[in-house]
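Hi everyone, thanks for making time for this. I'd like to walk you through one structure, so let me put it up on the screen.

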Amino acid sequence: MKIICLANTDQRFYLLMGPFLARRGIESEIGYKLYDDDDKEWFVALGDDMVMGFCYRQEKPKGSYQIGSCYVVEEHRRKGVLKKLLAEAMRNITGDIYLTTRNPVLQQLLLSRGFDELGKRGSFTRYGRQL
């Protein structure tokens with residue numbers, strides 16, 4: 001497995017991510033629509049040039065970052081893909097990192113990586129950590 005970093009301006013972005021954007025099953029699982037905003041960096045886990053999973057990192061004001069749209073393709077779950085994506089998204093940055101999710105696997109991973117639970121809104125929980 002290798003993890004690459006892409007922006008929506010990269011030639012391979014829509015070739016790799018297109019099948020996942022606006023897909024109802026993925027939106028239902030994550031809990032919101034996937035947007036390809038210009039200021040997002042997407043971390044994509046690849047195996048045999050096939051997408052295994054992805055997440056984005058987006059710089060916010062005042063030196064903070066949002067990580068989101070964390071998703072692993074079903075046949076690649078429980079293989080450490082999510083751990084590696086999160087580690088890569090957190091690499092080489094400093095400041096506050098936030099992530100909002102309703103995924104119990106991701107919630108446990110965040111707590112094990114030193115994130116604090118910051119609050120709940122509906123079925124979603126917001127987590128934060130300072131690097």
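Let's begin with H76 and what it touches: beyond the neighbours within four places in sequence, H76 is in contact with V51, M52 and V81. Please keep in mind as we go that this is a predicted model. Where does H76 lie? You'll find H76 in the loop between β4 and α3. Now, is H76 buried or exposed? With a relative accessible area of 19%, H76 counts as buried, because the cut-off for that word is under 20%. There is also G53 to look at: 23 residues separate H76 from G53 in sequence, and their C-alpha atoms are 7.9 Å apart in space.

Let's zoom out to the sheet. It is an open sheet of seven strands, and if you read across, the order is β1-β2-β3-β4-β5-β7-β6, with mixed pairing. At the edges you have β1, residues 2-6, and β6, residues 116-121, each of which pairs on one side only. From one strand to the next, the twist averages 25 degrees. As a quick reminder, strands of a sheet pair through backbone hydrogen bonds, either parallel or antiparallel.

α4 packs on it, touching β4, β5 and β7, and the direction of α4 makes about 155 degrees with that of β5. α3 lies across β1, β2, β3, β4, β5 and β7. Relative to β3, which spans residues 50-60, α3 runs at about 30 degrees.

The largest pocket has a volume of about 450 Å³. It is lined by 24 residues, and the closest to its centre are V72, L82, N103, V105 and L106. Which elements each supply at least two residues of that lining? They are α2 (24-30), β4 (64-72), α3 (81-90), β5 (96-101) and α4 (104-112). β4 gives the most, with five residues. And how does the lining split by class? There are 11 nonpolar, seven polar and six charged residues.

So, to tie things together: α3 and α4 both contribute to the lining of the largest pocket, and H76 sits in the loop that leads from β4 to α3.

Technical notes. Residues numbered from 1 in each chain as written. Predicted model: local features only at pLDDT ≥ 70, side-chain atom pairs only at ≥ 80, totals over all residues. Heavy atoms only, no water. 1 Å grid on protein atoms, 1.4 Å probe; cavity = no way out; pocket = protein on both sides within 12 Å on 5 of 7 lines; lining within 4 Å. Points joined across faces, edges and corners; volume = space filled by probe spheres on them. Helix = DSSP H or I, 4+ residues; strand = E, 2+ residues; numbered from the N terminus. Nonpolar A, V, L, I, M, F, W, Y, C, P; charged D, E, K, R; others polar. Buried < 20%, exposed > 50% of the residue type's maximum accessible area, 1.4 Å probe, protein only. Contact = heavy atoms within 4.5 Å. Pairing = 2+ DSSP bridges. Axes fitted to C-alpha atoms, helices over the stretch in contact; angles between N-to-C directions.
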